[in-house]
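I am opening my notebook on a new model. I will go through its chains, then a few residues, and write down what I look up.

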Amino acid sequence: MRTSISRATILVAAFAAATPALAFDPDRPVEFVVTAGAGGGTDIFARTIQSIIGKYNLMKAPVIVTNKGSAGGAEGFVYTATAKGDNFKLAFGTNNAYLLPIRAKVPYTSADLTPVAALAADEFILWVNGKADYKTAADFVARAKEAGGELKVAGSQSKDTDQILTSMINEATGANLGYVPYKSGGEAAVQLAGGHVAANVNNPSENLGQWQAGMVKPVCVFKSERLKNDAKVAGDASWADIPTCKDSGIPIEDYNMPRTVWLPAGVDQDVVDFYANVLKKVSETPEWAKYLADTSQSADYMSGAQFADFIKADEASVSEILKREGWLAN
Amino acid sequence: MGNIGLLFEGFGHILTFQHVLLMMVGVTLGILVGVLPGLGAPNGVSLLLPLTFSMEPISGIILLSCMYWGALFGGSTTSILFNIPGEPSSVATTFDGYPMAKAGQASRALTLAFVSAGIGALAGVVMITLVSGWVANFALRFSSPEYFAVYFLAFASFISMGSSAPFKTLVSMMLGFALASVGMDTISGNLRLTFDIPELIKGISFLIAVMGLFGIGELLLTTEEGLRFEGIKARVRISEVGRTVLELPRYWFTVVRSIFIGILMGITPAGPTAASFMSYGLASRSARDKSNFGKGDPRGIVAPETADHSAGTSALLPMLALGVPGSATAAVMMGGLMIWGLTPGPMLFVERPDFVWGLIASMYLGNIVAVILVIATVPLYASILRVPFTIIGPVIVAVIFSGAYQVSNSLTDVWLVVLFGLLGYIFKKLDYPLAPLVLAMVLGDKAEDAFRQSMLLSSGKLSIFWSNGLVSTLMAIGCLLLLAPALMWVMGVSRKRLTRPDLRQDPNENPL
């Protein structure tokens, strides 16, 4: 019953978006809860939105950004979830919002959060050390098989997107890559640049600096088609030059991570619509386009029923992998 | 020589009236957030960050980095005056700084801390100027085993210096390890020791623990001793600042050794906390007359402060050159860089030399501005201690509680501070040392992560800790430092046994 109501209001909201007056308009500061440490991908995601809202005056109330990134982001989600019915707290995260409760015994469930919108999809790339002699993903897989369990992949966090992808590579190719969790993608990038691990599966922006310096190089992108950005970012190479993994030896099509925004449970639909509308406007600005291009993420605005369906599908497919690896919390 | 030329170009970029003004604003704001416990440099910098979006990147980074310097100095102030360290790296300053201030020499303690901190910071910047390229590559050689070896070295250099019973040190340290493991475990992704209390999943903040253990614990003791700070008797004279500065050359060896430790820890990048503890540990162990350490020995202030600041400054190099932030504050600044449209990483030096060298130039100026500003405030701060305890005591309690709440807007933290305060009081009464607990709490989970990552990397073989020259050297020095007191003890005992055979049957002899 709730979904039918929300679908109806989305239709209403679609019309209302064209007219200026919406029922809800925050009259006190809005808190952006970043479920990651300062300086990371999620932090920059939230702060970019903050700066665009400020620049175009998309919201009368001021925005305060707080970082609550402990416990893999669970700190921020628990903080948001316990503020039931609070119209002034938005949590910024990735798919960890609904994956954390599946893989760890955290004191909230995805039902304690109301999805507002997803604004971008961050891509995953297989990176190796700049001096490595692998040409294609197939070479890398062959070497991994040869080495038994001795080739290691560095990644951010345990049982999170990076380790899930590593597990998918092993399943798809029969390789036996080991996984070493670090606190952030930045640490994983430096471990690879220093040659201490064989590969990482970082997001484009996490390895860009090292790629430009030739310390690491991309092997393939986990996407069904090549990336679109063809500006020369590292010497003569552009993001669009990176082959897809499925064409070069690892049969995985699309694997990406949505950048998501959440309210606590128990808020009114017009509140959700208000923020979804503000975020929609943010996603249409040139600054947003520049942010996406700089970090090589794909534009992917979703809200309402579309977003809800996406969450359901993503939850189901990832749960299967977690189950296979025995990582389910319950 | 190329670097020096670039540095002068950098000075050319930043030497404008507007930038110098920004520096002073940044440093002043920084001192303010540094002095208030719980607020701290990372929070202060992230509060200021939105203001810089509309600035030129170089102006923005000058404002933020100067705030960072100011906050570091402000943190030392509270360590010395109230026994409340504002940052993990200023814990070691409390060991001798607070006793000295309590004994009526607050101006001397503050001046020693500020000047040696300034020297440390400048040494760090000089290092960055001269050897930036080489040092950036050195940091790349650090993987998990090397990290573990550095933490091991920090523990080893600090652990055996305690004068109290070894078993009490052990108990204190183990409690620290247990506290450090509360929350989510990086390696398995599971929650540990949270007892289904939602507030505990984020772990126990180090700041909460020290505010309770040191701040509240000390207040309880003072209250019991008769409601007064001894600093009350002290007169504050400007001339004392000058006299203390002249006193510093006497500790030149401590300063040089601390700079060396600080730079090494800053670029490795084990960070300022490991550096300050290690430097304090070595200073107190190598001193010929150890009796004054812990009671207000000037070297006990100079050593951790110099190392802390030279490490803090050197740690900005890995951030710029590799894109790895060495501290929470550096991480916020890195976020700023990306929002300004710069990619931290090796190419920053090539693509935006104006920005990088402008920042380095601003580090010289910013630190000098900071030292001058904080020294000017010494008489002001020192006179706080002359306020009667019946007034200042409750004010400190109020500041601690509001600070505890601010750490993560959680009321549970306020209760935790009270608990830690009682624990600190009991520890002092029963003569258990607090320092090992704090050290284990700060470095314990990092050491654990590094050890378990090493085991994953080597598929479970311990030999990874001896697998290359760098890690072997670090481990060997660590083992030597750990065993040195035991060896000396054994030698001392055997010598005693030779000369006084009657000691052999002494039932009171420590079985260790």
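I started with the radius of gyration of chain B. This radius is taken over C-alpha atoms, and the globule rule is 2.2 Å times the number of residues to the power 0.38. A compact globule of 512 residues would have a radius near 24 Å; chain B has 23 Å, so it agrees with the rule. I noted that this is a predicted model, where local features need pLDDT of at least 70, side-chain atom pairs count only at pLDDT 80 or more, and totals for chains, interfaces and linings use all residues. Residues are numbered from 1 along each chain as its sequence is written, chains are lettered from A and ligands numbered from 1 in the order in which they are written, and side-chain values use heavy atoms, with hydrogens and water left out.

**Entry: chain B as a whole**

I boxed the C-alpha atoms of chain B along the principal axes and got roughly 75 × 60 × 55 Å. I then listed its secondary structure: 20 helices and two strands. Helices (H or I, at least four residues) and strands (E, at least two) are DSSP runs, numbered from the N terminus.

Next came burial. Buried means under 20% relative accessible area, exposed over 50%, and partly exposed in between, with a 1.4 Å probe and protein chains only. In chain B, 59% of the 512 residues are buried. I also looked up contacts (heavy atoms within 4.5 Å). Of those in chain B with a separation of 6 or more, 78% are between residues 24 or more positions apart.

The surface of chain B is about 20,300 Å², and carbon and sulfur atoms supply 68% of it. Accessible areas come from the Shrake-Rupley method with a 1.4 Å probe; for residues, only the protein chains shown count as cover.

**Entry: chain A**

I repeated the list for chain A. It has twelve helices and 13 strands. With 330 residues, a compact globule would have a radius of gyration near 20 Å; chain A has 20 Å, so it agrees. Its C-alpha box is roughly 60 × 45 × 30 Å along the principal axes. Buried residues are 59% of its 330 residues. The accessible surface of chain A is about 12,800 Å², with 53% belonging to carbon and sulfur atoms.

**Entry: charges**

I counted Lys and Arg as positive and Asp and Glu as negative, leaving out His and the chain ends. Each charge is placed at NZ of Lys, CZ of Arg, CG of Asp or CD of Glu. Chain B has 30 positive and 28 negative charges, with mean positions 11 Å apart. Chain A has 31 positive and 37 negative side chains, and the two centres lie 2 Å apart.

**Entry: nonpolar cores**

A nonpolar core is a set of buried Ala, Val, Leu, Ile, Met, Phe, Trp, Tyr and Cys residues joined through side-chain atoms within 4.5 Å. The largest one has 174 residues. Phe95(B), Leu337(B) and Val438(B) have the most contacts inside it. Helix α5 of chain B (residues 91-140) gives the most to this core, with 20 residues. A second, separate core has 55 residues, including Tyr134(A), Ile252(A), Met184(B) and Ile201(B).

I followed Leu337(B). Not counting residues up to four places away in sequence, it touches Ile61(B), Met319(B), Leu342(B), Pro344(B), Leu348(B) and Phe355(B).

Thr52(B) is in helix α3 (residues 40-52). Its relative accessibility is 0%, so it counts as buried. Beyond four places in sequence, Thr52(B) contacts Gly60(B), Leu63(B), Leu64(B) and Trp340(B).

Ala156(B) is in helix α6 (residues 144-159). It is buried, at 1% relative accessible area. Ala156(B) and Leu481(B) are 325 residues apart in sequence, yet their C-alpha atoms are 5.7 Å apart.

Glu305(B) is in helix α12 (residues 299-314). It is buried at 0%. Beyond four places in sequence, its contacts are Ser76(B), Thr93(B), Ala113(B), Ser116(B) and Ala117(B).

**Entry: positive phi**

Phe195(B) is not a glycine, but its phi is positive, about 50 degrees. It is in the loop between β2 (191-192) and α8 (206-226). Phe195(B) is exposed, with a relative accessible area of 65%.

Ser459(B) also has a positive phi, near 55 degrees. Its place is the loop between α19 (435-457) and α20 (469-499). Ser459(B) is partly exposed, at 39%.
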